[in-house]
Amino acid sequence: MTGATSIRKLPSLSGLHHRRNPLEDNPFFHPSNGFYITPSDVILAQVAYDLSAQSQSRVAYHRAGPRREIMYEPSAVKAAIVTCGGLCPGMNTVIRELVVGLWELYGVREIYGIPAGYRGFYSMEAVKLDPKAVHDWHKKGGTVLATSRGGFHLHKIVDAIQLNGFNQVYIIGGDGTMRGAVEIFKEISLRKLEVGITGIPKTVDNDVGIIDRSFGFQTAVEMAQQAISAAHVEAESAVNGIGLVKLMGRSTGHIALHATLSSRDVDCCLIPEMDFYLEGKGGLFEFLEKRLKERGHAVLVVAEGAGQEMIPRNESQKQERDESGNPVFLDVGVWFKSVLKDWWGREHPDELFTVKYIDPTYMIRAVPANATDNLYCTLLAHSAIHGVMAGYTGFVPGPINGNYAYIPLEEVALTKNKVNMSDHKWAWVRSVTNQPDFETNFKGQSL
């Protein structure tokens with residue numbers, strides 16, 4: 001295989017000085033050959049290639065991990081940690097591991113939590129953190145620092161960073177938060193401040209691009225399965241019973257997809273990446289009627305962003321935005337429950353029919369991380385610390401093909417992780433549920 005390899009360069013702070021890494025003297029580590037990461041250590045963005053292709057370009061990212069030399073004097077570090085946006089399992093674990101990692105690995109003693117998201121930089125007092133204060137945070141759901149949406153006033157935030165003397169800023173949040181982090185990084189660079197900025201991607205939807213997955217996702221899928229199991233029991237216990245479960249996923253359907261594959265109790269899975277229709281041959285109603293006749297019950301899983309264009313809206317609803325500027329979604333679960341009842345009432349007015357609707361959104365978001373996500377959060381936090389201490393800035397740590405890398409913030413902020421409808425996983429979903437191929441049926445209707 002031939003082709004050039006393009007390494008995504010990371011911005012670094014030029015005004016700092018090289019120093020010996022204190023891990024050399026840390027009693028818990030025994031640095032040896034291969035322990036430290038070198039500038040030539042990279043992670044390929046893609047590991048599967050077609051060897052028959054004549055020339056293929058390759059993209060690579062700097063590998064995450066400790067460097068032999070660092071760029072900060074630990075006693076001069078003043079770190080700020082902030083959580084933004086909605087809740088997600090593992091947020092407290094990331095905060096805890098950032099604090100413990102900075103304190104125990106590098107000897108940093110000035111660590112502060114910023115309350116209530118971005119607005120906390122300029123409107124609230126920072127909270128002093130140490131390992132004793134955060135020792136049991138990983139057992140708690142939510143974020144002890146508190147969070148909020150909106151409140152992003154760039155100059156106020158950077159002014160506060162400068163005024164308070166923070167020279168490392170760890171920003172935990174989703175895609176909107178990462179876009180804000182890009183702007184903060186640019187303004188920091190414009191002012192020529194020696195401040196390291198890193199973003200730690202958080203979203204249960206798993207819609208952050210480039211990285212393998214975002215933290216909290218595995219926990220969300222596990223909790224979603226419990227909701228599906230409850231819906232299955234309710235549906236199976238009724239005559240012509242339908243268990244309807246709405247799962248998180250505004251623009252992507254990863255939770256719904258993985259929960260469906262894991263559960264095997266789902267009869268139809270609807271996600272934002274797919275088109276579907278209700279009435280007519282090959283439509284959802286026809287499929288559900290057939291399934292009810294065959295089994296007497298059905299379980300329907302729908303991601304919150306699926307079918308939004310089908311829900312009737314008035315003019316004010318069309319214009320409505322949340323605090324982060326996102327369009328406000330209507331409740332697709334409530335709408336589905338209504339249209340299902342209307343459909344059955346029209347077609348089978350004298351037959352029993354039950355729809356049990358379960359929305360576990362806040363239960364999923366608020367739980368502590370499971371074992372897999374707790375481990376992942378630790379690795380993310382430590383990767384972020386190693387990168388910032390080495391002098392890198394404007395990056396996101398994350399796994400790519402199972403190996404941890406440093407990715408430029410802007411690339412992550414501009415990339416979405418959509419469900420690939422041509423991928424094997426979606427074919428597996430359809431093989432498990434035996435649901436209609438709505439796309440093909442759409443084409444057939446238009447002929």
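This is a predicted model: local features need pLDDT of at least 70, side-chain atom pairs count only at pLDDT 80 or more; totals for chains, interfaces and linings use all residues.
Local features are taken only where pLDDT is at least 70 and side-chain atom pairs only at pLDDT 80 or more, while totals for chains, interfaces and linings use all residues. Residues are numbered from 1 along each chain as its sequence is written, and side-chain values use heavy atoms, with hydrogens and water left out.

Start with helix H5, which covers residues 217–236. Helices (H or I, at least four residues) and strands (E, at least two) are DSSP runs, numbered from the N terminus. H5 has 20 residues and reaches 28 Å from its first C-alpha to its last, close to the 28 Å expected at 1.5 Å a residue. That expected span is 1.5 Å times one less than the number of residues in the helix.

Some residues of H5 are buried, among them Phe 217, Met 223, Ile 228 and His 232. Buried means under 20% relative accessible area, exposed means over 50%, and partly exposed is in between (1.4 Å probe, protein chains only). The buried residues of H5 pack against several elements, including strand E11 (241–247), helix H6 (254–263) and helix H11 (371–389). Strands E13 (297–303) and E14 (354–358) are also among the elements they pack against.

Next come two positions annotated in UniProt. UniProt positions are given in the numbering used here, feature names are shortened, and annotations may be inferred rather than shown by experiment. The UniProt record, an unreviewed entry, lists Asp 205 for "active site". Asp 205 lies in the loop between strand E10 (196–201) and H5. Asp 205 counts as buried because its relative accessible area is 9%. Contact means heavy atoms within 4.5 Å. Leaving aside neighbours within four places in sequence, Asp 205 is in contact with Met 248, Gly 249, Arg 250, Thr 252, His 254 and Ile 255.

The feature "binding site" is placed by UniProt, again in an unreviewed entry, at Asp 175. Asp 175 is in helix H4 (residues 175–190). With a relative accessibility of 21%, Asp 175 counts as partly exposed. Apart from neighbours within four places in sequence, Asp 175 is in contact with Asp 207 and Lys 416. Gly 176 is in helix H4 too, and is partly exposed at a relative accessible area of 34%. Gly 176 and Leu 414 are 238 residues apart in sequence, but their C-alpha atoms are 9.8 Å apart in space.

What about the cysteines? A disulfide is a pair of cysteine sulfur atoms within 2.5 Å. By this rule the count comes to zero disulfides. Cys 88 is in no disulfide, and the nearest cysteine sulfur, in Cys 377, is 7.5 Å away. For Cys 377, the closest cysteine sulfur is that of Cys 88, and 7.5 Å is too far for a bond. Cys 88 is buried, at 0% relative accessibility, and Cys 377 is buried with a relative accessible area of 0%.

The charged side chains come last. A salt bridge is a side-chain nitrogen of Lys or Arg within 4 Å of a carboxyl oxygen of Asp or Glu. The structure holds 18 salt bridges. One of them joins Arg 96 and Glu 97 at 2.6 Å, N to O, and both residues are buried. Lys 246 forms another with Asp 331, where the closest N and O atoms are 3.4 Å apart. Lys 246 lies in strand E11 and Asp 331 in the loop between helix H8 (315–319) and helix H9 (332–347), so this pair ties together parts that are 85 residues apart in sequence. Lys 246 is buried at 9% relative accessibility, whereas Asp 331 is partly exposed at 29%.

Glu 279 forms a salt bridge with Arg 346, with the closest N and O atoms 2.9 Å apart. Glu 279 lies in the loop between strand E12 (268–270) and helix H7 (284–295) and Arg 346 in helix H9, so the pair ties together parts that are 67 residues apart in sequence. Glu 279 is partly exposed at 46% relative accessibility, and Arg 346 is partly exposed with a relative accessible area of 48%. Salt bridges that share partners also join Asp 175, Arg 179, Asp 207 and Lys 416 into one network.
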